Structure formats: structure tokens, C-alpha cells
Amino acid sequence: MTGNDAKAIKTFLLLLVVLGAVMLTFFYTVRKEMVEIKQVTMPPSAQKIQAIAWEQLRNVKDDAKIEVRMNNARVIAEVMRSDAKRQQGLSGRDGLPESEGMVFIFDHEEAYSFWNKDMKFPIDVVWLARGKVVGVSALPVYDGTMPAIIAAPSPVDVVLEVPAGFASTHAIMVENNVEIYETQ
């Protein structure tokens, strides 16, 4: 082996080491970017969301957003806890997107009544107690005269309002289990 051959081998090995380092850096960078992309584009169902125990719902504040799950349906619901917020409810709003709603959380179970005063669109009212659906009612659009009033079929501590037809579309029925989750 001549001096030129030894020099060529050393140069070749140096090139291999440099090329290997460049490839490792490239693959590390691509892998890191792929993980970041997965984290950004991961659907909400795959993200870790903390369940809220039914007894802890009373700690959720006005205007918070929670996810209500029942019979494979998911609703992102705005929380109404104070008397003023409960009285206002959906009155005056123009509508609700399909997978959104409003949830009313009470401190104790009672057969609460709801009305449609100043409601511009019909809704389904899902009556909930102790993590179960206890009833489903329809509330029509307010006609400008006497508001329609509906009452819970039995004592409830949570009431969910969703767009009209949501309950039938998602087969929401009495005895369905209900789970509540924090949203991110």
C-alpha cells in the first residue's frame, strides 16, 4: 500500500464519519419534527383529558368549557353556575353548532324547570343526575307570547342543552351513562 492509498483510505473514512454524523443529525431532526407535528395535530380524543368526578362538578366555574360524553356523542358545553347565568342561558343567541351546548350545574338535585323565553332556535334538553341521563325533552322556539316551560322528569343536578335533534341523532336515552371531562 502506497502513501497515496493510505491517504485515500483515511479521507474515505473521514468522509464516512462526516456523512454518518450528517445522516444522524438529519434523522434526529426529522423525527423530532414528526413528534411535534403529531402533538399539534393529534385529535382531541387522543389527547390526555382529565375526567371530572360527578361530585366535583360543583367546583366548575361560570363560562368554563367542559366536554360531556354520552352514548358515543361528545358535546363541548359552556358552564352556567350562577343564577344570573342560568336565567340568561341561551336566550338571545342565534344558534348552537352541532357539537356544542350549554350545561347548567346545580348544587343539589331537584326537578328544575326551564323555559324558552327569547330563544331564537329550538333545543333538546338532556336531564342528568348522578352520571346518568334521566330524561330528554324538546324546547321549541319562543313565539313571542307565553314562554313554553318544561320540567325535569325527576330530580336532576345537571342539565345539558344541545341543538334540536341532537338527542335523536345520537340515540341519547334514559339510563345512558354520562362522563364529564376538562377541555384543553
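Colleague: Which residue is the bridge partner of Val126 in strand 9?

Modeller: Leu160 is the bridge partner of Val126 there. Before we go on, this is a predicted model, in which local features need pLDDT of at least 70, side-chain atom pairs count only at pLDDT 80 or more, and totals for chains, interfaces and linings use all residues. Residues are numbered from 1 along each chain as its sequence is written, and side-chain values use heavy atoms, with hydrogens and water left out.

Colleague: What makes strand 6 and strand 9 a pair?

Modeller: Strands are DSSP runs of E with at least two residues, numbered from the N terminus, and two of them pair if DSSP finds at least two bridges between them. Strand 6 (residues 123-129) and strand 9 (residues 156-163) have six bridges in the antiparallel sense, so they pair by that rule. Val125, for instance, stands opposite Glu161 in strand 9.

Colleague: How many bridges join strand 6 to strand 7?

Modeller: Seven bridges join these antiparallel strands, and Leu128 stands opposite Val133 in strand 7. Their hairpin has two residues between the strands, and Arg130 takes a positive phi near 50° in it.

Colleague: Why is strand 6 called largely enclosed?

Modeller: Buried means under 20% relative accessible area (1.4 Å probe, protein chains only). Seven of the seven residues of strand 6 are buried, so the rest of the structure largely encloses it. Ile123, Val125, Trp127 and Ala129 cover one side, while Asp124, Val126 and Leu128 are buried on the other.

Notes
Helix = DSSP H or I, 4+ residues; strand = E, 2+ residues; numbered from the N terminus. Buried < 20%, exposed > 50% of the residue type's maximum accessible area, 1.4 Å probe, protein only.
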